[in-house]
Amino acid sequence: QVQLVESGGGLVQAGGSLRLSCAASGRTFSSYAVGWFRQAPGKEREFIAAVTYTGGNTYYADFLKGRFTISRDNAKNTVYLQMNSLKPEDTAVYHCAADPEFQRLWLDPYGMDYWGKGTLVLVSS
(Lines give C-alpha, C1' and ligand atoms only; values in the text may rest on other atoms or scores of the structure.)
Protein backbone atom coordinates (compact mmCIF):
# COMPACT_ATOMS: atom_id res chain seq x y z
CA GLN A 1 0.00 0.00 0.00
CA VAL A 2 0.99 3.62 -0.60
CA GLN A 3 -0.27 6.42 1.62
CA LEU A 4 0.01 10.06 0.56
CA VAL A 5 -0.42 13.19 2.69
CA GLU A 6 -0.35 16.70 1.24
CA SER A 7 0.64 19.82 3.14
CA GLY A 8 1.67 23.41 2.51
CA GLY A 9 -1.57 24.94 1.33
CA GLY A 10 -3.04 28.13 2.70
CA LEU A 11 -4.13 31.66 1.93
CA VAL A 12 -1.86 33.74 -0.28
CA GLN A 13 -2.23 37.00 -2.17
CA ALA A 14 -2.09 37.03 -5.96
CA GLY A 15 1.51 37.05 -7.14
CA GLY A 16 2.75 35.12 -4.14
CA SER A 17 4.25 31.65 -3.85
CA LEU A 18 3.60 28.39 -2.04
CA ARG A 19 5.47 25.10 -1.83
CA LEU A 20 3.29 22.02 -1.47
CA SER A 21 4.59 18.72 -0.17
CA CYS A 22 3.35 15.19 -0.79
CA ALA A 23 4.72 12.87 1.87
CA ALA A 24 4.47 9.17 1.07
CA SER A 25 4.75 5.97 3.01
CA GLY A 26 5.04 2.43 1.73
CA ARG A 27 8.13 0.55 0.66
CA THR A 28 7.14 0.55 -3.02
CA PHE A 29 6.74 4.34 -3.28
CA SER A 30 9.97 4.78 -5.21
CA SER A 31 8.57 2.56 -7.98
CA TYR A 32 5.66 4.95 -8.65
CA ALA A 33 5.34 8.04 -10.75
CA VAL A 34 3.66 10.88 -8.86
CA GLY A 35 1.46 13.68 -10.06
CA TRP A 36 -0.20 16.81 -8.73
CA PHE A 37 -3.82 17.62 -9.50
CA ARG A 38 -6.30 20.27 -8.48
CA GLN A 39 -10.03 20.66 -8.30
CA ALA A 40 -11.77 24.00 -7.99
CA PRO A 41 -15.38 24.37 -6.79
CA GLY A 42 -17.76 23.24 -9.52
CA LYS A 43 -14.91 22.16 -11.79
CA GLU A 44 -13.49 18.83 -12.90
CA ARG A 45 -10.20 17.57 -11.54
CA GLU A 46 -7.35 18.74 -13.71
CA PHE A 47 -3.79 17.61 -14.12
CA ILE A 48 -0.93 19.91 -13.13
CA ALA A 49 2.37 18.07 -13.35
CA ALA A 50 3.95 14.62 -13.01
CA VAL A 51 7.37 13.20 -12.24
CA THR A 52 8.70 9.71 -12.96
CA TYR A 53 9.75 7.32 -10.22
CA THR A 54 13.39 8.14 -10.93
CA GLY A 55 12.77 11.87 -10.84
CA GLY A 56 14.52 12.14 -14.18
CA ASN A 57 11.52 13.14 -16.27
CA THR A 58 8.69 15.60 -15.73
CA TYR A 59 5.56 16.56 -17.62
CA TYR A 60 3.47 19.70 -17.18
CA ALA A 61 0.08 20.95 -18.22
CA ASP A 62 0.71 23.60 -20.86
CA PHE A 63 -1.21 26.34 -19.11
CA LEU A 64 0.85 25.98 -15.91
CA LYS A 65 4.32 25.39 -17.31
CA GLY A 66 6.69 28.12 -16.24
CA ARG A 67 4.89 28.97 -13.00
CA PHE A 68 4.80 25.58 -11.25
CA THR A 69 7.68 23.14 -10.74
CA ILE A 70 7.45 19.51 -9.62
CA SER A 71 10.37 17.75 -7.96
CA ARG A 72 11.02 14.53 -6.09
CA ASP A 73 13.29 13.37 -3.29
CA ASN A 74 12.94 9.62 -2.88
CA ALA A 75 15.34 9.63 0.07
CA LYS A 76 12.73 11.72 1.91
CA ASN A 77 9.74 9.97 0.32
CA THR A 78 8.43 13.36 -0.73
CA VAL A 79 7.28 15.06 -3.93
CA TYR A 80 7.04 18.85 -4.06
CA LEU A 81 5.12 21.39 -6.07
CA GLN A 82 6.61 24.86 -6.10
CA MET A 83 3.97 27.38 -7.16
CA ASN A 84 4.99 30.89 -8.15
CA SER A 85 3.09 33.90 -9.48
CA LEU A 86 -0.15 32.55 -8.10
CA LYS A 87 -3.41 33.81 -9.55
CA PRO A 88 -6.94 33.81 -8.12
CA GLU A 89 -7.90 31.14 -10.65
CA ASP A 90 -5.34 28.83 -9.01
CA THR A 91 -7.65 28.56 -6.00
CA ALA A 92 -8.46 24.87 -5.56
CA VAL A 93 -7.89 21.78 -3.48
CA TYR A 94 -4.57 20.30 -4.55
CA HIS A 95 -4.04 16.53 -4.49
CA CYS A 96 -1.13 14.26 -5.19
CA ALA A 97 -1.48 10.78 -6.63
CA ALA A 98 0.79 7.85 -7.41
CA ASP A 99 0.70 5.35 -10.24
CA PRO A 100 3.21 2.97 -11.83
CA GLU A 101 2.35 4.31 -15.31
CA PHE A 102 3.72 7.79 -15.94
CA GLN A 103 1.42 8.79 -18.80
CA ARG A 104 -1.72 7.68 -16.99
CA LEU A 105 -1.28 10.61 -14.60
CA TRP A 106 -2.30 13.11 -17.26
CA LEU A 107 -4.26 10.89 -19.64
CA ASP A 108 -6.58 9.55 -16.94
CA PRO A 109 -6.66 11.94 -13.97
CA TYR A 110 -9.18 9.80 -12.09
CA GLY A 111 -7.42 6.50 -12.76
CA MET A 112 -4.89 6.33 -9.94
CA ASP A 113 -5.26 3.97 -7.01
CA TYR A 114 -3.44 6.12 -4.45
CA TRP A 115 -4.52 9.66 -3.56
CA GLY A 116 -3.96 12.07 -0.75
CA LYS A 117 -6.87 13.91 0.84
CA GLY A 118 -5.71 17.25 -0.50
CA THR A 119 -4.60 20.65 0.74
CA LEU A 120 -6.50 23.87 0.08
CA VAL A 121 -4.85 26.74 -1.78
CA LEU A 122 -6.77 30.02 -1.67
CA VAL A 123 -5.42 32.92 -3.72
CA SER A 124 -6.89 36.34 -3.03
CA SER A 125 -7.06 39.17 -5.55
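1. Basis. This is a predicted model: local features need pLDDT of at least 70, side-chain atom pairs count only at pLDDT 80 or more, and totals for chains, interfaces and linings use all residues. Residues are numbered from 1 along each chain as its sequence is written, and side-chain values use heavy atoms, with hydrogens and water left out.

2. The disulfide. A disulfide here is a pair of cysteine sulfur atoms within 2.5 Å. By that rule the count is one. Cys22 is joined to Cys96, S to S 2.1 Å. The link of Cys22 and Cys96 is right-handed, with 70° about the S-S bond.

3. Cys22 sits in strand S3 (residues 18-25) and Cys96 in strand S9 (residues 92-99), so the pair connects parts that are 74 residues apart in sequence. Strands (E, at least two residues) are DSSP runs, numbered from the N terminus.

4. Burial of the two cysteines. Relative accessible area sorts residues as buried (under 20%), exposed (over 50%) or partly exposed (in between), using a 1.4 Å probe and protein chains only. Cys22 is buried, at 0%. Cys96 is also buried, at 0%.

5. Ser85. This residue belongs to the loop between strand S8 (78-83) and S9. Ser85 is partly exposed, at 41% relative accessibility. Contact means heavy atoms within 4.5 Å. Not counting residues up to four places away in sequence, Ser85 touches Gly15, Gly16, Ser17, Arg67 and Asp90. Take Gly16: Ser85 and Gly16 are 69 residues apart in sequence, yet 5.5 Å apart in space, C-alpha to C-alpha.

6. Thr52. Here the loop is the one between strand S5 (46-51) and strand S6 (58-60). Is Thr52 buried or exposed? Thr52 counts as buried, with 10% relative accessibility. Neighbours within four places in sequence aside, Thr52 is in contact with Tyr32, Ala33, Asn57, Arg72 and Phe102.

7. The largest core. A nonpolar core is a set of buried Ala, Val, Leu, Ile, Met, Phe, Trp, Tyr and Cys residues joined through side-chain atoms within 4.5 Å. The largest one has 29 residues; Leu4, Trp36, Leu81, Met83 and Tyr94 touch the most other members. At least two residues of this core come from each of S3, strand S4 (33-39), S5, strand S7 (68-73), S8, S9 and strand S11 (119-124).

Key. Helices (H or I, at least four residues) and strands (E, at least two) are DSSP runs, numbered from the N terminus.
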